[in-house]
Protein chains: 2
Amino acid sequence: MSELRKDYITNRWIVIATERAKRPHDFKMPRESISTDTSQCPFCPGNEKMTPPEVYAIREKGTEPDTPGWTIRVVPNKFPALKSDKEPIMRANHIFYSVDGFGYHEVIIETPDHFKEIPERSLDEIAMLVRVWRDRIAELSSDPRIKFVMLFKNYRPEAGASLSHPHSQIIALPIIPKRILEELEFSKNFYWDTGGLCLFDMVIEEEKERKERIVYENDNFVVLSPYAARVPFEVWILPKRHEPYFENIRANEIESLADTLKVTLEAIRSKVNDPPYNLMLHTAPSDGKPYEYYHWHIEIMPKLTRIAGFEWGTGFYINPTPPELAARILRGEE
Amino acid sequence: MSELRKDYITNRWIVIATERAKRPHDFKMPRESISTDTSQCPFCPGNEKMTPPEVYAIREKGTEPDTPGWTIRVVPNKFPALKSDKEPIMRANHIFYSVDGFGYHEVIIETPDHFKEIPERSLDEIAMLVRVWRDRIAELSSDPRIKFVMLFKNYRPEAGASLSHPHSQIIALPIIPKRILEELEFSKNFYWDTGGLCLFDMVIEEEKERKERIVYENDNFVVLSPYAARVPFEVWILPKRHEPYFENIRANEIESLADTLKVTLEAIRSKVNDPPYNLMLHTAPSDGKPYEYYHWHIEIMPKLTRIAGFEWGTGFYINPTPPELAARILRGEE
C-alpha cells in the first residue's frame with residue numbers, strides 16, 4: 001500500500017509508491033559513456049595549464065604550482081557562475097531584488113588518477129579529501145561577504161558532471177539558499193519548542209531505535225535512508241556529535257567520515273549498478289549569526305528516475321523504492 | 001556580468017550566468033526517440049481496453065464507453081501513485097508523520113491523434129482540453145478529503161513522459177505540496193502587508209511596464225519569462241483577472257487561454273528546438289480555507305540542461321540564459 005510521508009525536517013511530503021516497489025534492476029535509464037581519453041582531460045597530471053591557476057594543492061615538496069606532483073588540487077572553475085572581483089551589493093527595485101554575481105566557484109580535483117573514484121581509494125586518501133573540503137570551506141567562509149558555502153559532488157554526466165575525472169565543487173554565496181533556510185527555520189522552531197533539543201539528534205535517536213532505515217553506523221556517523229526519501233536509495237550521512245559547522249569536524253571524525261564515505265559510496269556503486277548521484281554537504285551559514293540548533297550533514301541523491309513535472313513544480317516527489325527496502329539492499333540483505 | 005536574483009514570489013535565489021549566455025543551439029542534450037508505433041499505444045483509438053475504464057470522455061453520441069468515438073478521454077492511471085479506496089488518516093508517531101496513499105491519479109488523453117500536440121491543434125480543440133482540465137479539477141476538488149489538485153503535463157521522455165501520445169495528468173492529494181505552501185505563505189504576507197494587494201497582480205503590472213521579459217499578451221493573459229527564471233526559457237502564463245482558483249475560469253478566458261497555450265508552446269517548439277518540458281498548473285487548495293490572496297497560474301519549465309547537485313540540494317539554480325534573452329528569442333526578435 002502506498003503511503004504519504006512527511007520529511008522529518010521540513011514540511012515536504014512525498015509518496016512512497018509501494019505497490020510498484022522498484023529494485024535496482026527495475027531502473028533502466030540510458031547512460032552516457034564516460035570519457036577515458038585522459039590526454040584531453042584538464043584534470044589529469046601534465047594538463048595543469050588547461051585549468052585556471054591553482055589556489056590550493058597538496059603536492060610533493062619542491063614541485064611547482066600548476067605542474068604535476070600534486071595529490072589533490074583546487075582550481076577556480078573555468079566557467080565560474082560567480083566571481084569574487086565584485087562587491088555583493090543588494091539592489092531592491094520594487095519587486096526585483098538582485099545582487100551582482102559575487103562569490104567563489106572552485107573545483108577540487110580529488111586525485112591525479114582519472115579512474116579512481118572514492119570507493120577505490122584508501123582511507124588515508126579519502127581523509128585527505130575531507131581535510132581539503134574542510135580547509136577550503138573554512139577559507140571561503142572567512143570572507144565576511146560570504147554567507148553560505150556549498151560543497152557538492154556530481155558523479156556521472158546524468159547527474160551534471162561535465163568532466164569524468166573525480167572532482168567535487170564549492171560555491172560560496174552572498175545569500176543563503178532556500179532549502180538551507182527551510183532546514184534552519186524548522187530546526188530552530190524545534191529547538192525553541194523543546195527547550196534546546198536538536199531535531200537532527202532526534203532523527204538519529206529515533207532511527208537507531210527502529211533500525212529499519214539504517215544503512216551503516218560507525219563510532220561517529222550514522223548513515224540512513226530517510227523516512228521521506230525523495231528518490232530511490234537517497235541516503236543521509238549524519239554526524240553523531242551535535243555540531244552546526246562541518247568546518248569544526250575533529251581529527252577522529254575525519255577518519256570516521258572517510259570510512260563512512262567509502263562504505264556508503266561502495267554500497268551504492270555495487271548494489272545499485274553504479275548510478276549517477278549528487279552529493280551535497282549542508283553546513284550552517286557563515287554570516288556570523290548563531291546557529292546552535294543546526295546539525296551539519298551530507299545528503300546523497302542517486303539519479304535512477306527522471307524527475308517529473310509535478311515534482312519540479314511542487315516539491316512533491318513520488319518515490320517507487322521504500323527507504324526500508326533501499327536500506328536492506330544497501331546493507332546487502334536483499 | 002552574472003547576477004543573483006530573487007524570485008518575486010518566494011525566497012528562492014538563482015544565478016543568471018550571463019557570461020556564458022546560452023542560446024537554443026548551445027544546448028546539446030541527448031534526446032530519446034519517440035515511439036511512432038501506434039498499434040501498441042494504449043492511448044490510441046481502438047486500444048481503449050489497454051487502459052483502466054474511462055471516468056470521463058467527450059465522445060460522439062451513441063458510442064459506448066471504452067470504445068472509439070471520443071475526442072478527449074480521461075482514465076485512471078494504470079499505475080496510480082495514490083488510490084481513492086482508502087481514507088486519508090493522518091498518523092503521527094514521534095517525528096514520523098504519514099497518511100495512507102489516498103488520492104486520485106488520472107490521465108487526460110488530450111486527442112485521439114498520436115502525433116497532434118497542442119501547437120498543431122485548432123483553438124477549439126485546445127479550448128475543449130482546458131474545459132476538461134477545469135471539469136476534472138472541479139470534480140476531484142469536490143471530494144472533501146482532497147486538499148489540493150495538481151494538473152501537469154510532461155512532454156517527451158526526458159521530462160518524465162513514459163508514453164508519447166499527447167496527455168496530461170491530474171493528481172489529487174490529501175496534503176498541500178511544499179512549493180504551493182510557500183507561494184501561499186508569501187502571497188498571504190504581501191496581501192496583509194499591503195492592505196489587500198495581490199503579489200501576482202504586482203508582478204503583471206511591473207513586468208508589463210518593463211516589457212523586456214514579456215513573451216506574449218492577449219486580452220486575458222500575460223506570458224513572461226520570470227525575473228528569476230530557474231531554467232532556460234522558463235515561462236509563466238498569468239491570468240490578468242485576479243482569481244485564486246483555476247476552476248473559476250470564465251468562458252471568454254478559456255478561449256483566451258487556448259490562444260495563449262498555442263502561441264506559447266508553438267514559440268517554445270519552433271524557437272527552442274522542440275525541447276522536453278514540464279507544464280504545471282498552480283491553483284488554490286480545495287480545503288475550504290480562504291485563499292483570496294492567491295492567483296492561479298501556469299508554469300512551463302523546458303528541460304534543456306541537467307539539474308546539478310547543488311540545485312537539487314539547495315533550490316539554488318544556475319540559469320545560463322537570461323530571461324530577457326529568452327523572451328526576445330521566444331518573441332522571434334533574435
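Reading the dimer contact

Analyst: The contact draws 61 residues from chain A and 61 residues from chain B, where two residues are in contact if their C-beta atoms, placed from the backbone, lie within 7 Å. On the side of chain A that touches chain B, 35 residues are nonpolar, 12 polar and 14 charged. This is a predicted model: local features need pLDDT of at least 70, side-chain atom pairs count only at pLDDT 80 or more, and totals for chains, interfaces and linings use all residues. Residues are numbered from 1 along each chain as its sequence is written, and chains are lettered from A in the order in which they are written.

User: Through which surface do the copies meet?

Analyst: They meet through the same surface, because 100% of the interface residues of chain A are also interface residues in chain B. A rotation of 180° with 0.0 Å of shift along its axis superposes chain A on chain B, with RMSD 0.0 Å. The two copies are thus related as by a two-fold rotation axis.

User: Which strand of chain B is joined to strand 1 of chain A?

Analyst: Strand 1 (residues 3-6) of chain A runs antiparallel to strand 6 (residues 96-100) of chain B, and 4 bridges join them. Leu4(A) has Val99(B) as its bridge partner.

User: Which residues of helix 1 of chain A are buried?

Analyst: An α-helix has 3.6 residues a turn, so residues three or four places apart point the same way. The buried residues of helix 1 of chain A include Ile126(A), Leu129(A), Trp133(A) and Ile137(A); buried means that 20 or more other C-beta atoms lie within 10 Å of a residue's own. Their cover includes strand 8 (148-155) and helix 4 (251-271) of chain A.

Note on methods: Nonpolar A, V, L, I, M, F, W, Y, C, P; charged D, E, K, R; others polar. Pairing = 2+ DSSP bridges. Helix = DSSP H or I, 4+ residues; strand = E, 2+ residues; numbered from the N terminus. Buried ≥ 20, exposed ≤ 12 C-beta atoms within 10 Å, placed from the backbone. Least-squares fit on C-alpha atoms with pLDDT ≥ 70 in both.
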